[in-house]
Amino acid sequence: MLFLFLIFLGMINPAFAQDSNTSLKSTAVAIPGGEEGIGFDDMVFSSELHKVLVPAGHTGKLYLIDPVSLAMTSIGGFSSSAVKQKGQEVGITSADEGEGFLFVADHGRHELDAIDLKLGTIVAKANLAGDADYVRYVSIQLTPSDKYYANHEVWVTEPHNKQIEVFEFTAGEHPMLKSTTLIPLPNGAESLMVDHLRRRAYTNSGPEAIAIDLQSHAIVNAWPNGCEKSRGDALDEEKGFLFVSCKEGKAKVFDLNQGNKEISDLATDPGPDVISYNTKLSHLYFTSSMNATLTVIGVSAQGKLSVLGQGPAEKRAHCVVSDDQNNIWVCDPLHGQLLRYKDSL
């Protein structure tokens, strides 16, 4: 009776009232200097480098972690804070890789930095028009038979300024970053996914999902995302599935090949933010910053969602990324560490 009463009060999500697989167990991976907390916000797995990119907030360092050996390489030179702030607006909190460079947004200096991976140092800088959230490197495809080619751009979401800022990147002897375009979004921008196959970028802007053409930078489509408050996105590029998380506790799937039709939704624990997708396993990963859980969601060939298992995480664990070894990486801001899980579901 108590269990049913808690469900009635909303303290337990009925989506998980049935017996679920709780075999997910984590290994803690400490980040140097994070003993009193790190304001993690965004993590990326680079398939080119086979490394997890972890911007470590106030420490002023970007960590590259080998998913097998757990060996870490750090790159410094960014703003840092002696105060062990756990907030998401200190130091660096988002980065991406492309063309043999890393691109990092620095909150303290309000700038975008380019790091040459061969040198391990910052080789180009540019001022940001607003405080950054997501950083993504963009390349596009000419035709289905062509290989990807670089259009030499870095996109940065600036939610408080309600826009995405686009930078042109020039490599060569004297690398340079130059702001070229501002894409206005009246309801701001939350998340940023790049779809090279369709030449689109996707973001959430208030109650809508937005599709932006990679070449013209024009908004080409917008549709209701079904969220009271939309948060992160994930993408199955080959199947054309766009996944959206809602802060109130929902997962949504839209079919990009069927006019962005909603094809599935699922109740989740409340408080998801950054989400991730394993293309090989067709598994979607949601964390709950409120309930301190990690949920693994299966995605059928038709895009239908089902809960496969759930395990414990930590409070405020709002970011997650998967790698090519079927590991799941969850940030633990309060303890300044990462939680690594093996997905064997």
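Reader: What volume does the largest pocket of this predicted model have?
Author: Residues are numbered from 1 along each chain as its sequence is written, and, the model being predicted, local features need pLDDT of at least 70, side-chain atom pairs count only at 80 or more, and totals for chains, interfaces and linings use all residues. Side-chain values use heavy atoms, without hydrogens and water. A pocket is an open set of 1 Å grid points where a 1.4 Å probe fits, with protein on both sides within 12 Å along at least five of seven lines. Taken as the space filled by probe spheres set on the points, the volume of the largest pocket is about 1,300 Å³.

Reader: Which residues that line the largest pocket are the closest to its centre?
Author: The lining (residues with an atom within 4 Å of a point) comprises 40 residues. Closest to the centre of the pocket are Val44, Phe45, Ser47, Met193 and His196.

Reader: How are the rings of Phe103 and Tyr137 arranged?
Author: Rings of Phe, Tyr and Trp (its six-membered ring) pair if their centres lie within 6.5 Å, and planes under 30 degrees apart count as stacked, over 60 as edge-to-face and the rest as tilted. Because the centres of Phe103 and Tyr137 are 5.9 Å apart and their planes at 5°, the pair is stacked.

Reader: Are Phe103 and Tyr137 buried or exposed?
Author: Buried means under 20% relative accessible area and exposed over 50% (1.4 Å probe, protein chains only). With 0% for Phe103 and 12% for Tyr137, both residues are buried.

Reader: How are the rings of Trp223 and Phe254 arranged?
Author: Trp223 and Phe254 are each buried. Their ring centres lie 6.1 Å apart with the planes at 65°, so the pair is edge-to-face.
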